[in-house]
Amino acid sequence: MQTNLLFFGLPNAYYNAKDVTYTNAPTTPDNIEGFANYAESLLKYSESGFYDTVEYLNEPNGPKYPATKYTNLAMVTSNRLKRLGYEGNIDGFSLYNFREKEWVEENFESGIYPYITSVAIHPYGFGAGENYSDSSTASENKIIDQYNNILNAGGWKDMDVTEIGSSTNGSSGVSDESQAINLVKDKCKFDKYNLIGYYVYDLIDDGIEPYARESNFGLVNHIKFGRIPKKAYAAYATLNNETNGGLALGTIDMGKSNGQILAYVYEKDGKPLVIAWDSNTKDNLDRTLYFTGETVTVTDMYGNDLGEFKDSIKLTKEPVYIHGLSDKWVVSSVLNEVSKRIDVWLANYEENLPEIILARSNFDDIKSTLTEDVTTTILAENLDKLTKLGTQIIEQGKKGAFSDKEVSKQLFQLYEVMIYLDRLYAALYDGEEVTKLYTDIESAKKLANERYWDDWYVKPYSDEILRHATRFYKRANEIMMSEEENTCKAGVINAWDMLATSLTQWFEAFSEYEHAYNYGLISNISVETSNYLETSYDGEHKIIDIKVINKGNDAFKGTLQVFDEVDNLVYETPQVTVVAGEEKDTFVEVDCNMISGTDSRKFTINFVNSEGYIEATRTHKIQISPLLEASVMDCDPDITPEELKSVKIKVRNLHNINASADIELSTSDNIKLGQEKINISLTPLEEKIIEIPVKNIINTKYHHYVVNYKISNSNGVILREESVPLSFMPVVKASSPIDPATWDGDTSDWYDSYPIYRGSVNNANEPEQYLNADIAIRIMKKWDEEHLYLLIEAYDNAHSVMYTGTQLWDGDALQVSIDPLNDGTNTEVAGSAKYREDDYEIGFALTGLGSEAYQWSGPKTVAMGTVEWIKIIRDSDTNCTKYLLAVPVEEFDLQKLSENAVVAFNVAINEADALGREEYFQITKGTADGKYPDYYYDYPMVMPTTEEYAKGTTNPMP
């Protein structure tokens with residue numbers, strides 16, 4: 001069990017500063033190098049050997065952080081740490097409740113396997129509320145999902161729960177009792193999956209807001225409530241006292257319960273310990289646990305002695321600790337776990353086994369020995385049988401029966417059977433003290449270094465087997481050298497030494513095979529490329545330099561084939577002859593287009609002999625970044641649609657090469673441009689603003705004018721295309737006062753307002769696209785003498801508000817900043833909070849209290865809690881959250897509004913789908929990314945247009 005976790009977080013607003021999509025997470029090569037520098041430096045200057053686990057980023061699996069970016073980060077950072085000599089665990093992912101399964105799958109497909117040792121999970125059972133059974137089951141299902149991900153990738157990666165807990169808040173939380181129950185049940189269930197860590201979130205309540213989803217998770221109450229321990233604190237202390245130093249042996253059905261009684265069996269101080277509970281109290285089934293002929297002592301989950309029980313005990317939903325059962329329960333629990341895992345192994349692999357591998361008969365022999373009379377000698381023989389079975393599988397892999405991944409998966413699930421036999425050996429051992437280990441781990445490491453050549457990642461699976469062997473060896477050695485007295489000590493040392501020896505034998509055999517499989521050494525032919533992973537830009541024609549190397553003494557004939565990520569043949573040579581000792585170069589040109597929304601390409605390179613068999617293979621990946629960045633600019637602040645003379649598009653070259661492109665333009669029916677196609681040329685890193693004249697514009701209600709642009713390179717490859725509604729800054733006068741209190745969400749009176757758009761949909765002319773938008777925003781503005789009116793419509797397919805008070809921004813929420821004196825940024829202070837004394841910033845969100853406000857800045861309090869001049873409505877039919885603000889100008893120290901007056905303000909919309917803000921959109925910079933009023937537009941107050949509106953125009957939004 002690990003003890004010290006070092007978390008590499010480093011959120012940094014300067015990452016990808018021009019790309020709001022991936023705020024605070026490194027995506028560019030420079031950013032990722034910066035993260036690796038930080039991780040390397042932090043580990044270098046930490047106490048040597050103190051941290052046995054590191055973790056990359058907290059909950060990065062948001063919808064806007066691609067798996068390929070995280071894989072790149074892990075690859076670069078892990079290489080740095082390995083170079084530094086770090087040999088501990090590397091936690092990947094630290095997943096939260098959003099597409100966990102899919103996101104990890106995508107990372108494994110992107111090649112992350114060699115660069116992490118474990119999958120970190122935050123398997124919260126959110127949404128279960130007081131249903132303690134569902135909560136624990138939800139958490140376990142998340143573990144199962146990641147186990148399957150690991151298995152599909154080849155197995156062997158550990159799992160690490162680096163956050164788990166239950167909130168006792170008043171809205172979506174549970175009672176103190178259920179928090180304690182969940183904690184004990186989760187720990188028992190996770191032990192079944194051999195997790196390397198279990199971190200409870202958190203010790204002391206760090207927030208007490210009843211509607212904040214992450215408040216009240218502590219085992220101890222907040223300081224405002226005297227830091228009084230909750231029931232979960234006592235339950236956790238009892239759990240540690242009962243199980244610390246024990247071995248988790250397995251599960252068993254111990255009653256006439258239709259599977260409703262869950263019992264977890266441990267070996268503690270040479271005696272069985274059973275933790276059991278009733279998992280469902282909704283029916284009238286018998287929940288009695290039977291142990292006929294035996295007398296036990298029972299402790300409740302808080303450590304209270306419940307006395308002696310003979311033959312049986314009635315269970316409730318609260319777990320209890322049962323002492324004094326006979327060893328038959330230990331053997332039964334292991335038999336249960338071994339049988340289940342054997343059945344899974346046979347179901348997965350037996351059908352494709354060569355006849356020489358007699359797996360079923362070996363398994364039947366092993367299960368037949370697991371009786372009350374089983375001895376450590378028999379268990380050692382069983383472990384030896386499974387070790388030899390694994391070696392047979394490796395030998396068949398060498399002969400081509402299985403791929404390296406298939407071999408790895410079979411060995412991994414065989415190893416899971418061995419773990420339980422090994423633990424039973426430790427529990428039953430009563431032999432002499434152990435003073436020597438027999439695993440030759442140093443020779444195995446030396447062999448690994450000899451076989452690695454320059455590319456340590458080419459043997460990812462045998463690497464993992466050696467890592468597990470090394471861990472068992474180190475643990476056994478640490479216990480052997482310790483002065484701790486424990487009745488299980490000698491058994492544990494012997495058991496772990498045996499398992500380390502078995503794994504070392506597999507490593508030696510499999511690393512030779514896996515080495516040959518990756519480099520083609522079976523036939524002395526190998527395929528290599530200059531780099532496993534290259535970088536490119538969108539639209540580039542990339543040349544892959546492929547070498548076919550003959551390390552043998554005879555000439556070899558074959559064909560070189562290159563397949564893309566969907567198994568299309570993109571290149572094939574005629575038959576070539578590679579003489580002994582020759583390196584034959586082939587240069588293959590491939591297109592690096594960001595096809596289907598991906599930002600990488602993966603090619604499989606095979607050298608096929610004259611009989612059609614693959615003699616050598618190589619995977620080559622190319623990471624692709626955009627060549628150009630483009631955006632339709634906001635219209636000038638003082639321009640209304642009828643005054644619009646041109647549309648501006650900003651284009652930037654992101655690379656150090658000359659670039660040229662064609663821009664094709666089209667529009668909605670109510671606006672026509674003077675040009676439909678423009679050719680541009682850009683020097684390295686140059687930015688240009690292209691002005692396209694407006695030929696005609698029709699006055700339509702809601703002023704929804706759409707410009708569509710498509711940018712293609714000289715080869716016709718589409719680099720970027722977008723459908724963008726134009727944004728106008730003038731604020732139109734309201735025909736009558738607007739009262740939020742009576743507003744029902746209707747926007748039909750806002751047809752004369754000039755809109756501002758943020759976020760995007762694929763086609764802004766199709767209203768139905770807004771219904772399932774991840775985030776698309778329309779901001780409309782009006783004024784009268786006493787008020788500045790703002791109507792913000794945020795189309796968002798998932799509404800999530802977790803916080804109130806000062807953290808209101810960290811969810812689906814609105815932030816509004818106003819500079820009443822229009823005197824800009826305070827340049828006399830350091831840092832990012834550069835408001836002047838007159839500046840206001842207020843947040844708004846739809847919480848459990850209703851339309852709630854929180855004020856962060858301002859010379860006086862004008863909005864806190866519920867405020868009469870705001871109203872927020874969530875329309876679940878259209879997935880739209882509507883914010884209506886009637887900002888009282890006098891309260892905000894603004895002069896009465898009139899035609900041609902200007903107001904400097906800004907709006908930021910925060911977007912969250914799960915645990916917190918994932919991205920934000922602003923009209924300008926200066927609110928969510930820092931406090932800089934200099935960036936704000938000066939919004940002019942104007943009168944409604946006198947021009948007649950075109951007939952038949954309707955609201956373009958659903």
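**Close-up views of a predicted model**

**View 1. The lining of the largest cavity.** Helix α5 supplies the largest share of the lining of the largest cavity, with 4 residues. Elements are DSSP runs numbered from the N terminus: helices are H or I of at least four residues, strands E of at least two. A cavity is a set of points on a 1 Å grid over the protein atoms alone where a 1.4 Å probe fits but cannot get out, and lining residues have an atom within 4 Å of a point. Among the lining residues are Asn182, Asp186, Tyr198 and Phe217.

This is a predicted model, in which local features need pLDDT of at least 70 and side-chain atom pairs count only at pLDDT 80 or more, while totals for chains, interfaces and linings use all residues. Residues are numbered from 1 along each chain as its sequence is written, and side-chain values use heavy atoms, with hydrogens and water left out.

**View 2. Strand β1 and its partner.** Strand β2 (residues 53-56) runs parallel to β1 and is joined to it by 4 bridges; strands pair if DSSP finds at least two bridges between them. Val54 in β2 stands opposite Leu6.

**View 3. Surroundings of Trp506.** Leaving out residues up to four places away in sequence, Trp506 touches residues including Trp156, Leu411, Tyr415 and Ile465. Contact means heavy atoms within 4.5 Å.

Methods
On a 1 Å grid over the protein atoms alone, a cavity is a set of points where a 1.4 Å probe fits but cannot get out, and a pocket is an open set with protein on both sides within 12 Å along at least five of seven lines; lining residues have an atom within 4 Å of a point.
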